[in-house]
Amino acid sequence: MNVIACVHQKGGTGKTTLAISVALTLAQQNQRVLLLDTDYQATASDWGQQFGEIFNIVVRSQVQANIQLEQEIKRFQTRFNWCVIDAAPTLSDITVKILQISHELLIPIRPALPDIWAISRLASLIHQTHRAAGYIPKTKIVFNQYQGETLPPLHAALMQYHLPISPTLLPFDPCFAELFTGQPLSPSLRRLIQNLLTEGGSKQLFDE
Ligand SMILES: Nc1ncnc2c1ncn2[C@@H]1O[C@H](COP(=O)(O)OP(=O)(O)OP(=O)(O)O)[C@@H](O)[C@H]1O
Ligand SMILES: [Mg+2]
């Protein structure tokens, strides 16, 4: 099972929206998708309760002690070939566990300096965790809610964190907000998410 996590300690950057969008895109490709909600706010769980079945996505909440996160992943790994984790806007033990068990990390940010500054401690934790584990999962910063902002200064501000930046820009689009009313992802947004998942040519995401 491939584990892909949407993380950022800053609130409202689009983690849950991206996690649901990734889950929808994979499920549309006939992948067996588990969406794991690790946030007490339970937005992904609420979405899952109402719409998960329609889109063939199983949603589970796992906000307990971090050891249980690993157990949950193990428990489900034969049933699903994808686990998409929606992380809470915090840095905690569960964040460390998520960093340890994920194959891929997506860090959505709004194209603004506060979202960039807030990456600092997360970036340190990522580098520290990866050094300790001796491997580096695919990690990408993803601009979300993009509305034509000038990117070079933002890229310059991001340089210090030594984390790759995705060339895929997720636009500000009301369709993303409409996901929470049970709307499917539009074909153009799905293509965008697919680009995000497959860019860089690293991993063949849609193989069994
Ligand atoms: N690309 C986008 N275009 C338009 N609206 C968006 C986009 N991405 C997210 N939103 C909206 O921004 C708000 C915050 O998004 P979301 O809940 O996904 O952020 P989050 O990082 O999960 O927040 P939290 O840190 O509280 O968990 C939501 O209302 C969502 O609909
Ligand atoms: Mg969220």
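How far apart are the mean positions of the 16 positive and 16 negative charges of the chain? They lie 5 Å apart, where Lys and Arg count as positive and Asp and Glu as negative, with His and the chain ends not counted, and where the place of a charge is taken as NZ of Lys, CZ of Arg, CG of Asp or CD of Glu. The structure is a predicted model, in which local features need pLDDT of at least 70 and side-chain atom pairs count only at pLDDT 80 or more, whereas totals for chains, interfaces and linings use all residues. Residues are numbered from 1 along each chain as its sequence is written, chains are lettered from A and ligands numbered from 1 in the order in which they are written, and side-chain values use heavy atoms, with hydrogens and water left out.

The chain contains 9 helices and 6 strands, these being DSSP runs numbered from the N terminus (helices are H or I of at least four residues, strands E of at least two). The radius of gyration, taken over C-alpha atoms, is 16 Å, which agrees with the value near 17 Å that a compact globule of 208 residues would have; the globule rule is 2.2 Å times the number of residues to the power 0.38. Along the principal axes, the C-alpha atoms fill a box of roughly 40 × 40 × 35 Å. Of the 208 residues, 52% are buried, a term that means under 20% relative accessible area, while exposed means over 50% and partly exposed lies in between (1.4 Å probe, protein chains only). The accessible surface comes to about 9,600 Å², and carbon and sulfur atoms hold 51% of that area, as computed by the Shrake-Rupley method with a 1.4 Å probe. Among contacts (heavy atoms within 4.5 Å) between residues at least 6 apart in sequence, 79% join residues at least 24 apart.

The interior was examined through nonpolar cores, each a set of buried Ala, Val, Leu, Ile, Met, Phe, Trp, Tyr and Cys residues joined through side-chain atoms within 4.5 Å. The largest core has 33 residues, of which Ile 85, Ile 107, Ile 109, Ile 119, Leu 158 and Leu 163 touch the most other members. Helix H6 (residues 119-133) gives the most to this core, with 5 residues. A second, separate core of 30 residues includes Val 22, Ala 23, Trp 82 and Val 84. When neighbours within four places in sequence are left aside, Ile 119 is in contact with His 8, Ile 107, Ile 109, Ile 141, Leu 158, Tyr 161 and Leu 163.

Two further residues illustrate different surroundings. Thr 95, in helix H4 (residues 93-101), is buried because its relative accessible area is 5%, and its contacts beyond four places in sequence are Thr 90, Leu 122 and Leu 125. The C-alpha atoms of Thr 95 and His 8 are separated by 9.3 Å, although the two residues are 87 apart along the chain. Ile 165, in the loop between helix H7 (151-158) and helix H8 (174-178), counts as partly exposed because its relative accessibility is 27%. Ile 165 touches Ile 141, Phe 143, His 155 and Leu 158, not counting residues up to four places away, and its C-alpha atom is separated by 5.3 Å from that of Lys 140, 25 residues away along the chain.

Backbone angles deserve a separate remark. Most residues other than glycine have a negative phi.
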